[in-house]
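This report describes the fold and selected residues of a protein chain. Please consult the sequence and the structure shown below while reading.

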Amino acid sequence: MDLERVSLAIEKELLRRFDALLKRGNLGNRSEAMRDLIRRRLVEDEAGGKGEVVGTLTLLYDHDQRELTDRLVDAGHHHHARVLSTLHVHLDDQMCLEVQALRGTHLELRHLADHILGLKGVKHGQLVVSSARLWHATGRQAHGRRDDHGKPRRGLGRTLVEEVSLRAG
């Protein structure tokens, strides 16, 4: 990776708080933290466009809430082209954690997330999107197994981007 040095002018108090965050979170050095922030902003910018993105919707909800489970299932069926997979975990006798792997335009995923997060009984949730295009722009090559025609093989060894591409058909 070819690195270029840059300098930044930052207020002392802001830098002090940033350094404390890095130390407290064991987040590495300033340079790596700044690269992460830049990548995050680039993903946000990319996701705001009309291109396809992948993402996760994480929900914490009360499964005893009347009709909530049915509404979540209905939303999944209604948006079946967007929901790639769902992980469901029973946290205790009342609360559930659900993580949905999604794909579509940012607007489509935001619409789905807003609908689900607005359901009565959903206590907390967050949509996180990423752009496969940004990942490819880093110059990394997918290293999953490919068939004789260069297409990703079904089976072990696929990257997430390959898996999403396979599901896209």
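Valine 89 lies in strand 2; strands, like helices, are DSSP runs numbered from the N terminus, with at least two residues (E) for a strand and at least four (H or I) for a helix. The model is a predicted one, in which local features need pLDDT of at least 70 and side-chain atom pairs count only at pLDDT 80 or more, whereas totals for chains, interfaces and linings use all residues. Residues are numbered from 1 along each chain as its sequence is written, and side-chain values use heavy atoms, with hydrogens and water left out.

With a relative accessible area of 30%, valine 89 is partly exposed, a class that falls between buried (under 20%) and exposed (over 50%), computed with a 1.4 Å probe and protein chains only. Leaving aside neighbours within four places in sequence, valine 89 is in contact with Met95, Cys96 and Leu97, where contact means heavy atoms within 4.5 Å. Valine 99 is 10 residues from valine 89 in sequence, and their C-alpha atoms are 8.7 Å apart in space.

Four strands form an open sheet in the order 2-3-1-4, with antiparallel pairing; two strands pair if DSSP finds at least two bridges between them. Its edges are strand 2 (83-90) and strand 4 (122-130), each of which pairs on one side only. On average, neighbouring strands of this sheet are turned by 15° against each other, direction ignored; the axes are lines fitted to C-alpha atoms, for helices over the stretch in contact, and angles run from 0 to 180 degrees between N-to-C directions. In general, the strands of a sheet pair through backbone hydrogen bonds, either parallel or antiparallel.

Strand 2 is joined to strand 3 by a hairpin through four residues, and these two strands pair in the antiparallel sense over seven bridges. Opposite serine 85 stands alanine 101 in strand 3. The antiparallel pairing of strand 1 with strand 3 runs over 11 bridges, and leucine 102 in strand 3 is the bridge partner of glycine 55. Strand 1 (residues 52-62) also pairs with strand 4 in the antiparallel sense, over eight bridges. There, leucine 127 of strand 4 is the bridge partner of leucine 57.

## Helices across the sheet

Helix 3 (residues 68-78) lies across strand 1, strand 2 and strand 4, and runs at about 170° to strand 1. Helix 4 (residues 106-117) lies across strand 1, strand 2, strand 3 (95-105) and strand 4, and runs at about 160° to strand 3.

## A nonpolar surface patch

Val6, Leu8, Ile10 and Leu14 form a nonpolar patch on the surface, with about 400 Å² of accessible area together. Accessible areas come from the Shrake-Rupley method with a 1.4 Å probe, and for residues only the protein chains shown count as cover. Patches are made of residues with over 30% relative accessible area and no salt bridge; like charges are joined within 9 Å and nonpolar side chains (Val, Leu, Ile, Met, Phe, Trp, Tyr) within 5 Å. A salt bridge is a side-chain nitrogen of Lys or Arg within 4 Å of a carboxyl oxygen of Asp or Glu.

Isoleucine 10 is found in the segment before helix 1 (12-25). Isoleucine 10 counts as partly exposed because its relative accessibility is 37%.

## The chain as a whole

The protein chain has six helices and four strands, which follow the pattern α-α-β-α-β-β-α-β-α-α along the sequence. Of its 169 residues, 24% count as buried.
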